[in-house]
Structures are given as C-alpha cells and as structure tokens.
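Below is a briefing on one chain and its ligands. Look over the sequence and the model, then work through the points by topic.

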Amino acid sequence: SLVPVSDLLRKAEEGKYAVGAFNCNNMEIVQAIIAAAEAEKAPVIMQASQGAIKYAGIDYITAMARVAAEKASIPVALHLDHGTSFEQVMQCIRHGFSSVMIDGSKLPLEENIDLTNRVLAVARAVGVSVEAELGKIGGTEDDISVTDREALMTDPEEAKYFVEKTGVDSLAVAIGTAHGRYKGEPKLDFERLQKIRSLVNIPIVLHGSSGVPDDAIKTAIELGVRKVNIDTNIREAFVDKCREVLAKYPDEIDPRKVLGPAKEAAIEIIREKIRVFGSNGKA
Ligand code: G3H
Ligand code: 13P
Ligand code: ZN
Ligand code: NA
C-alpha cells in the first residue's frame, strides 16, 4: 500500500540521502516513475499537482498509484504537490493520498501557520504526512530580479518559528531554485540552507530541482535536503522524444509507437536523478 512521505524521509535522514519526488500527469509517466525506481531499487514519491489532478482526474491518479504500489517491490508514496486550499487537501486525503503539501507560502506568516495547522489536525488523525512551504519559490518565467528573488527566500529564523508553531513533517524552502526551465544556471544560497537546517530539525524539501546541476543537488543533500522535486526534466525528456519520433515517422498514427519511446526516455532521466539523490539501493 501507499506509504506516507514522512516514513521515507525518516530513513533518508538516517542514510543521509534524498528521495526523488516526481510529478505525474498520465499513465506513461506513472509507469516510468515506478519502472525507474524498481530498476534502481529506490523508495519513490509520485506527486500530483492541482493541474495534474484536473487533467487526469483524481480517481485515475489514485487508482494508478494504488496499482503501482501493489505491484511494486519498492515503497511508493502518493503526494499532493502544492495544495493551496484546505478543501482540496481534504479531497486528496479522502481519495487515498498518503501525503499532502499545503502551500500557504503566499499567505502572511500567521495565516500560513493556521492553515498548515488545520491540515495537520486532520492528516495526523489518518496517518497522512504533511509538507508546508515557507518563502516563495516561484517560477523561472516570473519576471523577478535576482535581488527581488532573494527577498522572497526563506528566512531562517522564521522557519524555526514556523516549525515550532506547526510541528509539520517537512518544509519546502526558497533558496534560489524556481519551477520550470532556467535561463542560466541557478545559484543556490547554501549559507541560507545551512542556517535553516541548524535551526530546524525536520527534512527539507527542494522544489524546482530540474535544471539544477548535479553537484549543487548533492551539496543541498549534504546540508539536509531529503526530498527533491522533479517535473520539468521529465516533461522535456518525454516531449522531446515524442517530437523526435514524429519527425522521423511523420505518418505514424499509433500512439504506442510515440508514447512508448517517450516513456523509456522518462525512465532514463528518472534513473539518473535517483542516482544523483543517492536513494538507489535504499528500498
Ligand atoms: O510545482 C510545479 C509542478 O511542476 C507542477 O506543475 O501545475 O503545471 O502541473 P503544474
Ligand atoms: P521543476 O519542474 O523545476 O522540476 O519543479 C518541480 C517542483 O518543484 C514540483 O513541486
Ligand atoms: Zn514545487
Ligand atoms: Na527548475
């Protein structure tokens, strides 16, 4: 059955590695995540955003995850990525998600704390783990200057206060990463991460990790990151392969001939990421 993310992160903390959290939108990507994790003997987190749930339907997402977890020889979690309302998080819990993120990062601090605590009160009762966000991670497409981006980063003292007031299971922090494709190379604020980690004794989550160089990811893991979110790199591998196949065989009309190779390309990139995170062989 699906396991809470907190179980996986507790072991990751003991072993000083990170668990990959991969976004899924369709059956091929679900299968790719599981196949990659099986091949690497790695615990894995499948996560669905509000957009993914809207696209595939919550019943399909949870059904695919359940089948995946039943058949898999590795631990699998199903996690809501960037849940923003209490109602939506409740819907995911009712449908069988084993973990949720409540992203109150756009709210004033005390409101973020209140919302996170309301979610925790329910999640605790049913054994679902909770990730919160403090600081604004944002997107690569957001037109934000470097200094402005820095102003949106997680304040270490605020993180300490937030964790004391909530007792949340894990915390997503803004330390220089962004969602989507980077134009240049992202600069991570490791000093900030170290400070956060020295004040906060729970697993740290790194969002926007596609496009972050492997050595930067490894340094972040050494400094306490235990969950690494990857979406964009899977999309790129998947759609690039679709384009390649269609360019080569413009008359192809069998979706399997297009999506099959795309799935294989997704498996490859996910396996590479798992090895960077050090979760291979940890299942
Ligand atoms: O956090 C962002 C994830 O990449 C999900 O993106 O909202 O387009 O599904 P999405
Ligand atoms: P990327 O798309 O940049 O990998 O970010 C994924 C993410 O953080 C999902 O929450
Ligand atoms: Zn994210
Ligand atoms: Na990114």
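At which residues does UniProt place the feature "binding site" (unreviewed entry)? The entry puts this feature at His-82, His-179 and His-207. Although spread over 126 residues of sequence, these three cluster in space, with a largest C-alpha distance of 11.7 Å. UniProt positions follow the numbering used here, feature names are shortened, and annotations may be inferred rather than shown by experiment.

This is a predicted model, in which local features need pLDDT of at least 70 and side-chain atom pairs count only at pLDDT 80 or more, while totals for chains, interfaces and linings use all residues. Residues are numbered from 1 along each chain as its sequence is written, and chains are lettered from A and ligands numbered from 1 in the order in which they are written.

**Overall fold**

- The secondary structure of the chain comes to 12 helices and eight strands. Helices (H or I, at least four residues) and strands (E, at least two) are DSSP runs, numbered from the N terminus.
- Along the principal axes, the C-alpha atoms fill a box of roughly 60 × 40 × 35 Å.
- Buried residues make up 49% of the 283 residues. A residue is buried if 20 or more other C-beta atoms lie within 10 Å of its own, exposed if 12 or fewer, and partly exposed in between, with C-beta atoms placed from the backbone.
- Of the contacts with a separation of 6 or more, 71% join residues 24 or more positions apart. Two residues are in contact if their C-beta atoms, placed from the backbone, lie within 7 Å.

**The annotated histidines**

- His-82 is in strand 3. His-82 counts as buried because 21 other C-beta atoms lie within 10 Å.
- Leaving aside neighbours within four places in sequence, His-82 is in contact with Ser-49, Gln-50, Met-101 and Asp-103.
- His-179 sits in the loop between strand 6 (170-173) and helix 9 (190-199). With 19 other C-beta atoms within 10 Å, His-179 is partly exposed.
- Not counting residues up to four places away in sequence, His-179 touches Ile-137, Gly-138, Gly-139, Thr-140, His-207 and Gly-208.

- Asp-103 lies in the loop between strand 4 (99-102) and helix 6 (109-125). Asp-103 is buried, with 26 other C-beta atoms within 10 Å.
- Beyond four places in sequence, the residues that Asp-103 touches include His-82 and Glu-133.
- Glu-133 belongs to strand 5 (residues 129-134). Glu-133 is buried, with 26 other C-beta atoms within 10 Å.
- Outside four places in sequence, Glu-133 touches Asp-103, Gly-104, Ser-105 and Ala-172.

**Ligand shells**

- Ligand 1 is surrounded by Asn-23, Ser-49, Gly-51, Ala-52, Asp-81, His-82, His-179 and Asp-231. A residue belongs to a shell if its C-beta atom, placed from the backbone, lies within 6 Å of the molecule.
- Helix 3 (50-56) and strand 3 each give two or more residues to the shell around ligand 1.
- By class, the ligand 1 shell has one nonpolar, five polar and two charged residues. Ala, Val, Leu, Ile, Met, Phe, Trp, Tyr, Cys and Pro count as nonpolar, Asp, Glu, Lys and Arg as charged, and the others, Gly among them, as polar.
- Ligand 2 has 13 residues around it, and the closest are His-207, Ser-210, Asn-229, Asp-231 and Thr-232.
- Strand 3 (76-83) and strand 8 (225-230) each supply at least two residues of the ligand 2 shell.
- The ligand 2 shell has one nonpolar, 10 polar and two charged residues.

**Helix 9**

- Arg-192, Leu-193 and Ile-196 are buried in helix 9. They cover an arc of only 100° around the axis (directions from the helix axis to the C-beta atoms), which puts them on the same side of helix 9.
- Glu-191 and Ser-198 are exposed on the other side of helix 9.
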